[in-house]
Amino acid sequence: IQQRYSELFSKEVLDALARETGFIRRVRKISALDFVESLVFNGEKHGRLSLLDISCDYMEDTGIAISREAIHKHFTPEAVEFFKALFTRQLSCQLVREAGELPGNGFFSGIHIKDSTKYSLPIALEDDYPGYNSFNKASSLMNLQYEFDLLTMSCRSLEMTRATRNDQQDSKETVGQLQAGSLNIRDLGYITLPYLLSVVEAEAYYLNRLHKVGLYLPGQEGGFSPLDWKGLDRKMKKTGMDSYEIEAYMGSKEKLKTRLVLIPVPKQVAAERIRKAGQSGNRTKGYKLSDEYRIKAHYNLFITNVPQDVLSTKEVIEAYKLRWQVELIFKTRKSNLDIDSIRAMKKERMECQLLAKLIWILLNTSILSVANQLLESNRCHK
C-alpha cells in the first residue's frame, strides 16, 4: 500500500504534475502535496468540506496559518487541470494492475473505452451546469465524459460538460478523433447509425450493444428483408445454444454490414427489462410493448465490425466486459460514497473537490484490492 501511495502522491510526482498543468509556476505557501492532502485526505466529509476546514487542517498538519481567502484563490482552472492529471494518472495505474489479457492479440492500434456519468450539483451552479429543468423545477447537473485507451493505459479525454450536451451530441462532435485501427467500445447512449458509419469510414472498429435500428438480411432475389426475430428466438430455444452469431445489415437505407451476437439472459433478467419498459411506457397513452421488444429482452445483443478471426463470438463478449470494468469505477462507487453531495461553491472549487472524491475512491479501491490479495494469500498458505 505504501508503495502504491508513493507512486502517486510523492512530492516529486505532484510537483511535476503541478508544473505541467500550470498550477504552480513558482514557490508558494501551499505546495502541490499540501493542496492534494487538504482535499483528498481531509477528515471532514467531502460534501460538507468548507474553506475553514481546509485552513484548520493545513494549520494542524504544517503549523502554518493561511487564510480562507488565500485558499479560495488557489481554486483556478489550472488547479482543475492538475487534479484531472492526478486522477487520470491514478486510474491508469489501477487499470494496469487489474487488466487481464486484452483482446485482439495486438491487432488493434488502441482499445478506447468511452462513457459518461452525471452528478447533481447545487442550484447555484445552474449557469455553468444547467439541468433539464423538468416540471418547471430548476436544477444543476454535470456530465463527466471520459475516454481511456486500455492498450496504452492512458486517458484520451476527461471533460466536465453540461448534462444538456448528451452522449449522442458528444459522439457527433468527436468523430474526428477516431483513430484508424482502434477498437471503440461505447455505451448505447453514444450509438447512432451516422456514428457507426463514421467508425467504418475512419478504418476503425466498433463494439457496442445493438442500438434501436432496423436489421436486415439479404433476400433471395437480391433485396433485403427484415430480420425474423421470432424465428431466431425459436431457433435459440430449440437448440439451447449459449451464444449465436449471424451477419446482418443495419439501416433501412444505408445497409451497414455488421456481426450480430446474441447471448441469452436469465428469465428473471428478461422479465425485469420488460417490466421497466412497460412501466416507462405507461406514461404515454396507448403505448404497448411490441412482440419484437419482448423477444429482444431475452438476449444481450452485440454488434461489431471486427473480423471473426480476430475476435470470436466468445471473445466479443469478453471484450465488451472491459467497458463495464471502467464503468464500475465511476457509477457503482458514486452511489456507495454519496459522491454527488456537494455544497454551493465556486465552480473551480466544486470541480477540484469532485475530482478529489474520485481520487479518494480509487485509492480506497486500491487498498481493498491489496487487502483481498493478502487475505487470499493467507488462505492459500493455510
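Guide: A crossing of two helices is called right-handed if the near helix is turned clockwise from the far one by less than a right angle, and left-handed if it is turned anticlockwise. In this predicted model, the crossing of helices H3 and H4 is right-handed. Two packed helices are described by the angle between their axes and the distance between the axes. For H3 (residues 32–40) and H4 (residues 51–62), the angle is about 125° and the axes lie 10 Å apart. H3 is therefore oblique to H4, since angles of 65 to 115 degrees count as roughly perpendicular and those over 145 as roughly antiparallel. On the H3 side, the contact is formed by Asp34, Glu37, Ser38 and Leu39, which meet Ile54, Asp57, Tyr58 and Thr62 of H4. By class, the residues of this contact comprise 3 nonpolar, 2 polar and 3 charged.

H3 also packs against helix H2 (residues 11–21), at an angle of about 100° and with the axes 8 Å apart. H2 and H3 are therefore roughly perpendicular to each other. Here H2 contributes Lys11, Leu14, Asp15 and Ala18, while H3 contributes Ala32, Leu33 and Val36. The contact of H2 with H3 contains 5 nonpolar and 2 charged residues, with no polar ones.

Taken together, H3 meets H4 through residues including Asp34 and Glu37, and Ala32, Leu33 and Val36 of H3 take part in the contact with H2.

Conventions:
Residues numbered from 1 in each chain as written. Predicted model: local features only at pLDDT ≥ 70, side-chain atom pairs only at ≥ 80, totals over all residues. Heavy atoms only, no water. Axes fitted to C-alpha atoms, helices over the stretch in contact; angles between N-to-C directions. Helix = DSSP H or I, 4+ residues; strand = E, 2+ residues; numbered from the N terminus. Parallel < 35°, antiparallel > 145°, perpendicular 65-115°, else oblique. Contact = heavy atoms within 4.5 Å. Nonpolar A, V, L, I, M, F, W, Y, C, P; charged D, E, K, R; others polar.
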